[in-house]
Amino acid sequence: MSFSPVLLQVVADTAQMAAAAAPVTKPAVQEQLSLWYLLKEGGVLMIPLLICSLIAIYVFFERFLAIRKAMSAPTDFMQRVKEKIVEGNLNGAQSLCKNYDGSVPRVVSKGISRIGKPIDHIEKSMENSGKLEVYAMEKNVGILSTIAGIAPIFGFLGTIVGMIIMFYNIQHDPAFSINSVAGGIYTKLVTSATGLIIGLVSFVGYNYLNALINRGVNKIETSANELLDILHEPAHR
């Protein structure tokens, strides 16, 4: 069997016309992920994670400012207190302490108010006052430790709940595609990532505040010991 040149030309022209009329398919453009999209797809357990993050931010900055205020005292504070006490001007020393709103001036003021009583009584009164100051600095700092522990748990719980829902849909929907499975997995992992980030930041903030508190405790103890040394000096003269 042979085909005529005319018939072959017609077939070729038809094929070219069909190819020209066919729609040109463009490569799929990959959708860009946004942070808001991921957070929105995280699920309902993103709400407690958001609450945890807001509480952590508030507690950290509130405690940071309170601790910095409690630690405020001039570097030459004890030297000026010593000068007043050596001069016998206890009222002036008390006035100097009341000029500053900090833990060290309050503890030193408590010790000065007990001058004239036994040294161990003065030391005990300053120790009790120092404990109250440390307690005030530590107030609500433990909230950061709690958030550092529960935020990752909320994140893992959100991921597990999302995975359970996704596999339930796979079982009851035969048309569920592999793309839907992949999408469901990465969006549900957002809660775990968010919980871990909040927990990590809260843990770092908790340890940083504790370091500031320890520094304040050292300043209180040093100042109390300096006052006791000042009170012992006249006895050796």
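Q: What should I know before reading any numbers?
A: This is a predicted model, in which local features need pLDDT of at least 70 and side-chain atom pairs count only at pLDDT 80 or more, while totals for chains, interfaces and linings use all residues. Residues are numbered from 1 along each chain as its sequence is written, and side-chain values use heavy atoms, with hydrogens and water left out.

Q: OK, how many helices and strands does the chain have?
A: The chain has nine helices and zero strands, where helices (H or I, at least four residues) and strands (E, at least two) are DSSP runs, numbered from the N terminus.

Q: And what share of the residues is buried?
A: Of the 237 residues in the chain, 32% are buried, meaning under 20% relative accessible area, with exposed being over 50% and partly exposed in between (1.4 Å probe, protein chains only).

Q: Switching topic, what volume does the largest pocket have?
A: Its volume is about 240 Å³, and a volume here is the space filled by probe spheres set on grid points, which are joined across faces, edges and corners. A pocket is an open set of points on a 1 Å grid over the protein atoms alone, where a 1.4 Å probe fits, with protein on both sides within 12 Å along at least five of seven lines, and lining residues have an atom within 4 Å of a point.

Q: Which residues lie nearest its centre?
A: The largest pocket is lined by 13 residues, and those nearest its centre are Met-126, Glu-127, Ile-220, Glu-221 and Ala-224. Helix 7 and helix 9 (178-236) are the elements that give two or more residues to this lining.

Q: Where is Glu-127, then, and how exposed is it?
A: Glu-127 sits in helix 7 (residues 119-138), and Glu-127 is partly exposed because its relative accessible area is 37%.

Q: What about Ser-103, buried or exposed?
A: Ser-103, which is in helix 6 (residues 103-113), counts as buried because its relative accessibility is 2%.

Q: Which residues is Ser-103 in contact with?
A: Leaving aside neighbours within four places in sequence, Ser-103 is in contact with Ala-70, Glu-133, Met-137 and Ile-220, where contact means heavy atoms within 4.5 Å. The side chains of Ser-103 and Glu-133 are also joined by a polar contact of 2.9 Å, that is, a pair of N or O atoms within 3.5 Å, of which, within protein, one must be able to donate a hydrogen and the other to accept it, and residues adjacent in sequence count only if both atoms are side-chain atoms.
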